[in-house]
Amino acid sequence: MAFLQLQKDLEKLTSSAQLSNAEEDVDKIIELLTDAREKVAAANDPHTTSLTLTKLQNPIKEKLDGLNSDLKLVYKAQNEFNKSLKTAFSKAKGSLPTEHDPMEAQSTLINRAIAMHLLREGQFEVASTFIQEAQPTPEATQSQQFSSSTLEPSTSHRSQPPSDAIIADADIPSDLTSLQSKALESSFADMYSILRELKEQNLLPAIHWARENHVELEARGSNLEFELCKLQFIWLFKGPAFNGLPDNSDNGVSGALRYARENFNRFQLRHLREIQQLSAAMVYSPNLIDSPYGSIFDISAAFEEVAGSFTREFCSLLGLSAESPLYVAATAGALALPQLVKYNSKTKARNTEWTTANELAFETPLPRSMMYHSIFVCPVSKEQTTETNPPVILPCGHVLARESLQRLAKGNRYKCPYCPSEGTVKDAKEIIL
Ligand SMILES: [Zn+2]
């Protein structure tokens, strides 16, 4: 409840505490002063000077008073929001499990996540100041030196989604220098410059990048390079009225054809069918929208889509997830927090304790996009499967935890607990859900 109230108060703050009115006042004052200065300089006689200055007095005072009252409104709103922040957090403090804070000793990890987030958001200056100021003092660094493991951009790709959020203990660097922030900064600067061009409907820098990295992209099974080239073809095909480029042989149907001849060869093997569709659409060029190819040539959302896949692929070649792990963790945390608070107050009332350290004792209402690991509870042992005790599927299709199967088995043979089939333990296959 406190959070809902906080959100309302924040809306109130953003609507009332606007500095724009004060800025306008200041601009007007500057304008009055500059005008007066010009007048004095132009006339160059004492009489005009004193007259101009006298005339200036009242309007300037008026504007200054206006500025003060505008600023007062801002201060008032800020004070009010400050109060609601204090109320909200003092309420929350009592109900959260403060006695168990797994991140308490991990300030470097948290700082690293924040620095990473700033870098990938393109906030390079803020990131570099943050990294500088979050650097531990030299003595502290010496006493807790870990083996150095770096997060330098590499062409290796990990399949785990928020890969930079999950780090084994040995990987935790003792300071932020190992973040290779300069290399990351330049990578993300490239990414943002390509994204800016994409926003302006200029696909060429993105195509250039995809071509340079085509080996890695293909290894990932990505179609990004073809999708970009295909979009470039359609964009040219639609001609000057659509793309705003000059009306010449490089544009329109002839420009698209030439582009296809120069660029589509490399995709013949993997995308022949799509290339055939694009060429067949030529026949319908006067009335494409009503043709069977209309939907392929509807590219109203295409630039946004390729920008999304470009960001995903770019980050994955850096070994990073497309979404900032800090953003995902903070959002998921905020969504799950009310449940946690509720659970905590209930168990406290019943005087029971939270016994499982690795799992939550209740459902958390997260959207699908934020679920990275499926959870499987073995129907025999009623335990959640883990990396060391993974789910296995029997040839009959029933799934249990490996340890349960081993307990059920007599020697090499087992009998399925859910159907009459029998088999040997080695026929059970580990599955990833
Ligand atoms: Zn079975």
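Me: Which residues are the protein donors of the zinc ion?
Reply: This is a predicted model, and in it the zinc ion has Cys396 (SG), His398 (ND1), Cys416 (SG) and Cys419 (SG) as its protein donors.

Me: What arrangement do the 4 donor atoms make?
Reply: The arrangement is tetrahedral, because the angles the 4 donor atoms subtend around the zinc ion are 105 to 113°. As background, the ideal angle for four tetrahedral donors is 109.5 degrees.

Me: And how are the donor residues spaced in sequence?
Reply: The spacing reads C-x1-H-x17-C-x2-C. Histidine 398 sits in the loop between strand E1 (391–393) and strand E2 (399–401), while cysteine 416 sits in the loop between strand E3 (413–415) and strand E4 (422–424), so this pair ties together parts that are 18 residues apart in sequence.

Me: Let me zoom out. How many helices and strands are in the protein?
Reply: The protein has 16 helices and 5 strands. Of its 433 residues, 33% count as buried. Taking contacts with a separation of 6 or more, 65% are between residues 24 or more positions apart.

Me: Let's pick a helix. How many residues does H4 have, and how far does it reach?
Reply: H4 covers residues 107–120, which is 14 residues, and spans 20 Å from its first C-alpha to its last. That is close to the 20 Å expected at 1.5 Å a residue. Just after H4 comes glycine 122, with a positive phi of about 85°.

Me: Which residues of H4 are buried?
Reply: Thr108, Leu109, Arg112, Ala115, Met116, His117, Leu118, Leu119 and Arg120.

Me: What do those buried residues pack against?
Reply: Their partners are helix H5 (124–134), helix H7 (181–199), helix H14 (302–317) and helix H15 (325–350).

Me: How do the axes of H4 and H7 cross?
Reply: They cross at roughly 30° and come within 9 Å. With that angle, H4 and H7 are roughly parallel to each other. On the H4 side, Met116, Leu119 and Arg120 take part, meeting Ser181, Leu184, Glu185, Phe188 and Tyr192 in H7.

Me: What about H7 and H14, at what angle do they pack?
Reply: The angle is about 170°, and the axes are 10 Å apart. H7 and H14 are therefore roughly antiparallel to each other. From H7 the contacts come from Ser187, Phe188, Asp190, Met191, Ile194, Leu195 and Leu198. Their partners in H14 are Phe303, Val306, Ala307, Phe310, Thr311, Phe314 and Cys315.

Me: Changing topic: where is glutamate 225?
Reply: Glutamate 225 is in helix H10, residues 224–237. Its relative accessibility is 5%, so it counts as buried. Leaving aside residues up to four places away in sequence, glutamate 225 touches Ala210, Arg211, His214, Arg266 and Phe267.

Me: And glutamine 232, where is that found?
Reply: Glutamine 232 is found in helix H10, and at 6% relative accessibility it counts as buried. Beyond residues up to four places away in sequence, glutamine 232 touches Leu203, Leu204, Ile207 and Tyr259.

Me: What does alanine 260 touch, not counting residues up to four places away in sequence?
Reply: Alanine 260 touches Phe233 and Asn265. This alanine lies in helix H12 (residues 252–263) and counts as buried at 16% relative accessibility. The C-alpha atoms of alanine 260 and serine 279 are separated by 8.9 Å, with the two residues 19 apart along the chain.

Me: Last one: what is the phi of glutamine 201?
Reply: Phi of glutamine 201 is near 65°, a positive value in a residue other than glycine. Glutamine 201 is in the loop between H7 and helix H8 (204–212), and it is partly exposed, with a relative accessible area of 28%. Lysine 382 also has a positive phi, of about 60°, although it is not a glycine. Lysine 382 is found in the loop between H15 and E1, and at 62% relative accessibility it counts as exposed.

Definitions and conventions:
Residues are numbered from 1 along each chain as its sequence is written. This is a predicted model: local features need pLDDT of at least 70, side-chain atom pairs count only at pLDDT 80 or more; totals for chains, interfaces and linings use all residues. Side-chain values use heavy atoms; hydrogens and water are left out. Helices (H or I, at least four residues) and strands (E, at least two) are DSSP runs, numbered from the N terminus. The expected span of a helix is 1.5 Å times one less than its number of residues. Buried means under 20% relative accessible area, exposed over 50%, partly exposed in between (1.4 Å probe, protein chains only). Contact means heavy atoms within 4.5 Å. Donors are N, O and S atoms within 2.8 Å of the metal (3.2 Å for Na, K and Ca); water is not among the atoms, so sites may look incomplete. Four donors count as tetrahedral if all angles lie between 85 and 135 degrees; four count as square planar and six as octahedral if opposite donors are over 155 degrees apart and all others between 65 and 115; anything else is irregular. Axes are lines fitted to C-alpha atoms, for helices over the stretch in contact, and angles run from 0 to 180 degrees between N-to-C directions. Angles under 35 degrees count as roughly parallel, over 145 as roughly antiparallel, 65 to 115 as roughly perpendicular and the rest as oblique.
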